[in-house]
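Trainee: I have a new model open. Can you walk me through how to read it, feature by feature?

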Amino acid sequence: MTGKSFKITIIVLLSILFTVLLSLVLFAAVNGYSARYMTSKMFPGTVENIYKPYKIVDMQNSPDAAVAGCDGHIYILNDKNLTIYDEDGIEQFSGIMNYEEAFLSSGTEHVLIYDKATGDYIIFEDGKELYSDTIGRTILGAMMQDNGYVVFILKGKDGFLGSASILNDSNKIIATCNYSDRFPVSGCTAGDVGKFVVNGIYANDTNKIGIDIYELYNEVPIAGVNKDLLLPLVMSMGKDSFVAAGNKNAVIYDENGSERGFHEFTEVIRMAAADGSCWIADRRTGADRIVCLDKSGKEKWAYATGLLTNGMVAGERHIFYWSGMNAECLDDKGRPVDIQSGFDLVLGIVDMGSGKVAVLTTGRLIFYEYH
């Protein structure tokens with residue numbers, strides 16, 4: 001081969017290589033695949049710490065569609081239509097709910113769908129109906145707990161401003177707490193220590209909250225906390241702690257109401273909690289950051305997302321958040337974990353357990369497995 005022929009051959013090979021690489025880049029861009037994912041496909045085993053898509057179901061969802069999931073199943077509430085898929089992307093159920101205002105809430109093993117207007121509800125386990133019943137009153141909010149209990153926040157009656165009812169995992173109301181001085185707005189169980197928490201805003205001072213702590217099956221509080229702050233949301237952080245949060249602050253408490261940590265934020269946008277940790281999406285100029293707090297009230301880490309957070313949820317292994325067409329993930333050290341996105345507008349992310357998650361968009365339901 002002459003020198004001239006050799007140069008021509010090299011140019012042709014480089015042109016082919018460039019064309020192939022350009023094609024891969026365009027393919028990745030069109031399909032929402034990251035460079036990390038494409039590398040894992042071309043060189044299997046070289047890329048780990050990544051969520052890889054294994055199933056895509058095309059569908060049309062309203063921007064208001066809600067999604068919940070646990071124990072290997074996905075529940076999609078699209079207007080009044082409820083659809084359930086298993087972790088293989090196979091439809092298990094689809095039907096129209098005879099509810100006026102349907103909402104979803106999930107724990108680690110159960111999913112609750114309820115009608116705010118009538119008080120009707122259904123609890124699902126393993127993708128099947130476990131209980132169908134009614135609370136018999138207007139539900140202002142309902143929170144399924146990881147232990148299978150449900151905290152119902154109810155509209156007041158008989159002269160009370162509001163009530164909180166606790167439903168146990170056998171579908172029995174074990175306590176109803178009525179309030180005449182405040183509006184109850186949220187509640188949670190205090191892990192497995194046999195206690196629950198009800199949070200309320202005082203009627204005579206809407207910038208002040210009262211948190212009552214009860215033992216299960218008892219309607220008389222054993223402890224209480226008053227705070228001259230608006231902290232309307234409470235979430236369990238595991239067996240001996242919970243977090244209360246508002247627009248500017250988050251406070252960590254033990255199961256007896258003793259304060260463990262107080263944190264100020266620019267603007268609290270979202271909150272998620274799981275066993276031993278909670279995550280706060282804090283809005284700052286231009287972008288958000290996610291702050292992880294442990295049950296002792298200390299900050300474990302903070303991560304600048306570069307995005308304006310639309311939603312956030314705690315999974316079995318990771319924390320997930322999303323913005324627009326972007327689905328993002330962090331591990332327990334605050335380090336990014338790759339998950340392919342960019343398909344459509346992200347509506348929600350759910351963790352099915354066993355390293356599998358699903359992302360609901362306006363046009364697809366994408367199933368991922370962690371590697």
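**Reading the model**

Mentor: Start with the surface. The protein chain exposes about 17,100 Å², and carbon and sulfur atoms supply 50% of that area. Keep in mind that this is a predicted model.

Trainee: What share of the residues in the protein chain is buried?

Mentor: Of its 371 residues, 51% are buried.

Trainee: Next, secondary structure. How many helices and strands does the protein chain have?

Mentor: Two helices and 32 strands.

Trainee: And contacts in the protein chain between residues at least 6 apart in sequence: what percentage join residues at least 24 apart?

Mentor: That figure is 39%.

Trainee: Now empty space. How do I look for it?

Mentor: Rolling a probe the size of a water molecule over the atoms shows where empty space is left. Here, the structure holds one cavity of 30 Å³ or more.

Trainee: Which residues line the largest cavity?

Mentor: His110, Ile123, Leu130, Tyr131, Gly148, Asn168 and Asp169 form the lining. Sort that lining by class and you get three nonpolar, three polar and one charged residues.

Trainee: On to cysteines. What is a disulfide?

Mentor: It is a covalent bond between the sulfur atoms of two cysteines.

Trainee: Let's turn to the backbone. What is the phi of Asp79?

Mentor: Near 60 degrees, a positive value in a residue other than glycine. Now place the residue. Asp79 lies in the loop between β3 (73–78) and β4 (81–86).

Trainee: Is Asp79 buried or exposed?

Mentor: Exposed. The cut-off is over 50%, and Asp79 has a relative accessible area of 64%.

Trainee: Where is Asp126 found?

Mentor: In the loop between β8 (120–125) and β9 (128–134). Phi of Asp126 is near 55 degrees, again a positive value in a residue other than glycine.

Trainee: Why does Asp126 count as partly exposed?

Mentor: Because its relative accessibility is 36%. Partly exposed covers the range between the buried cut-off, under 20%, and the exposed cut-off, over 50%.

Conventions. Residues are numbered from 1 along each chain as its sequence is written. This is a predicted model: local features need pLDDT of at least 70, side-chain atom pairs count only at pLDDT 80 or more; totals for chains, interfaces and linings use all residues. Side-chain values use heavy atoms; hydrogens and water are left out. On a 1 Å grid over the protein atoms alone, a cavity is a set of points where a 1.4 Å probe fits but cannot get out, and a pocket is an open set with protein on both sides within 12 Å along at least five of seven lines; lining residues have an atom within 4 Å of a point. Grid points are joined across faces, edges and corners, and a volume is the space filled by probe spheres set on the points. Ala, Val, Leu, Ile, Met, Phe, Trp, Tyr, Cys and Pro count as nonpolar, Asp, Glu, Lys and Arg as charged, and the others, Gly among them, as polar. Helices (H or I, at least four residues) and strands (E, at least two) are DSSP runs, numbered from the N terminus. Buried means under 20% relative accessible area, exposed over 50%, partly exposed in between (1.4 Å probe, protein chains only). Contact means heavy atoms within 4.5 Å. Accessible areas come from the Shrake-Rupley method with a 1.4 Å probe; for residues, only the protein chains shown count as cover.
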